[in-house]
Amino acid sequence: MPQIPEKIHELTVGQLAARSGAAVSALHFYESKGLISSRRTTGNQRRYSRDALRRVAFVRAAQRVGIPLATIREALAELPEERTPTRADWARLSETWRSELDERIKQLNRLRDHLTDCIGCGCLSLSSCVLSNPDDAFGERRSGSRLMVEHRTREGVQEPEARS
């Protein structure tokens with residue numbers, strides 16, 4: 001891994017990619033989503049402060065456990081003056097995400113346990129279709145193998161329209 005001399009306080013996108021293990025395109029994407037920031041040189045090249053390394057590590061760790069980027073951005077925005085996350089920040093934020101992850105794990109376990117019950121036919125009215133139609137939500141409204149979109153007519157009566 002390339003070493004960055006201590007006297008260098010800013011990194012090029014290539015240096016940040018090499019040190020963080022993230023692709024350059026991922027870094028550009030993170031920047032477009034407000035997760036990291038850079039300044040532009042007079043030659044219009046991106047320069048990242050050294051603390052961007054920790055922010056990228058924070059983002060990638062949160063992504064690895066399934067935290068959506070929008071949630072990560074909100075968490076980073078809560079930090080005073082958008083400073084670099086610390087170990088204490090990670091502990092606090094990961095604790096708030098724990099219940100969300102626990103719920104997702106329960107849903108995935110339920111899905112796995114019922115996977116053999118689904119015949120994958122696309123029929124949204126089967127009460128046992130836990131993949132496409134949990135708890136037969138669509139079957140209570142209509143029967144058939146397509147989702148129906150309801151549109152209001154001028155008289156206020158709803159007419160179903162098939163979606164393809």
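So, before anything else: when I say helix, I mean a DSSP run of H or I that is at least four residues long, and the helices are numbered from the N terminus. With that in hand, Asp89 is found in helix α5. And keep in mind throughout that what you're looking at is a predicted model.

Let me stay with Asp89 for a moment. Is Asp89 buried or exposed? We call a residue buried when its relative accessible area is under 20%. Asp89 comes in at 5%, so it counts as buried. And who does it touch? Leaving out residues up to four places away in sequence, Asp89 is in contact with Leu79, Arg83 and Thr84.

Okay, let's zoom out to the whole chain. There are 5 helices and 5 strands here. If you walk along the sequence, the order goes β-α-α-β-β-α-α-α-β-β. The chain has 164 residues, and 25% of them count as buried. The accessible surface is about 11300 Å², with 50% of that belonging to carbon and sulfur atoms. As for contacts with a separation of 6 or more, 37% of them come from residues 24 or more positions apart.

Now the helix packing. Two packed helices are described by the angle between their axes and the distance between the axes. I'll go through two pairs, and α3 is in both.

Pair one is α3 with α4. That's residues 52-64 for α3 and residues 69-77 for α4, and their axes come within 10 Å, crossing at roughly 140 degrees. That angle makes α3 oblique to α4. The crossing is right-handed. Who's meeting whom? On the α3 side you've got Arg55, Phe58, Val59, Ala62 and Gln63, and on the α4 side Leu69, Ile72 and Leu76. Sort the residues of that contact and you get 6 nonpolar, 1 polar and 1 charged.

Helix α5 covers residues 87-114, and here the axes come within 12 Å and cross at roughly 20 degrees. Angles under 35 degrees count as roughly parallel, so that's what we call α3 relative to α5. This crossing is right-handed too. From α3, the contact uses Phe58, Ala61 and Ala62, and α5 brings in Trp90, Leu93 and Trp97. How do those residues divide up? It's 6 nonpolar, no polar and no charged.

Notes:
Residues are numbered from 1 along each chain as its sequence is written. This is a predicted model: local features need pLDDT of at least 70, side-chain atom pairs count only at pLDDT 80 or more; totals for chains, interfaces and linings use all residues. Side-chain values use heavy atoms; hydrogens and water are left out. Axes are lines fitted to C-alpha atoms, for helices over the stretch in contact, and angles run from 0 to 180 degrees between N-to-C directions. Angles under 35 degrees count as roughly parallel, over 145 as roughly antiparallel, 65 to 115 as roughly perpendicular and the rest as oblique. A crossing is left-handed if the near helix is turned anticlockwise from the far one by less than a right angle, and right-handed if clockwise. Contact means heavy atoms within 4.5 Å. Ala, Val, Leu, Ile, Met, Phe, Trp, Tyr, Cys and Pro count as nonpolar, Asp, Glu, Lys and Arg as charged, and the others, Gly among them, as polar. Buried means under 20% relative accessible area, exposed over 50%, partly exposed in between (1.4 Å probe, protein chains only). Accessible areas come from the Shrake-Rupley method with a 1.4 Å probe; for residues, only the protein chains shown count as cover.
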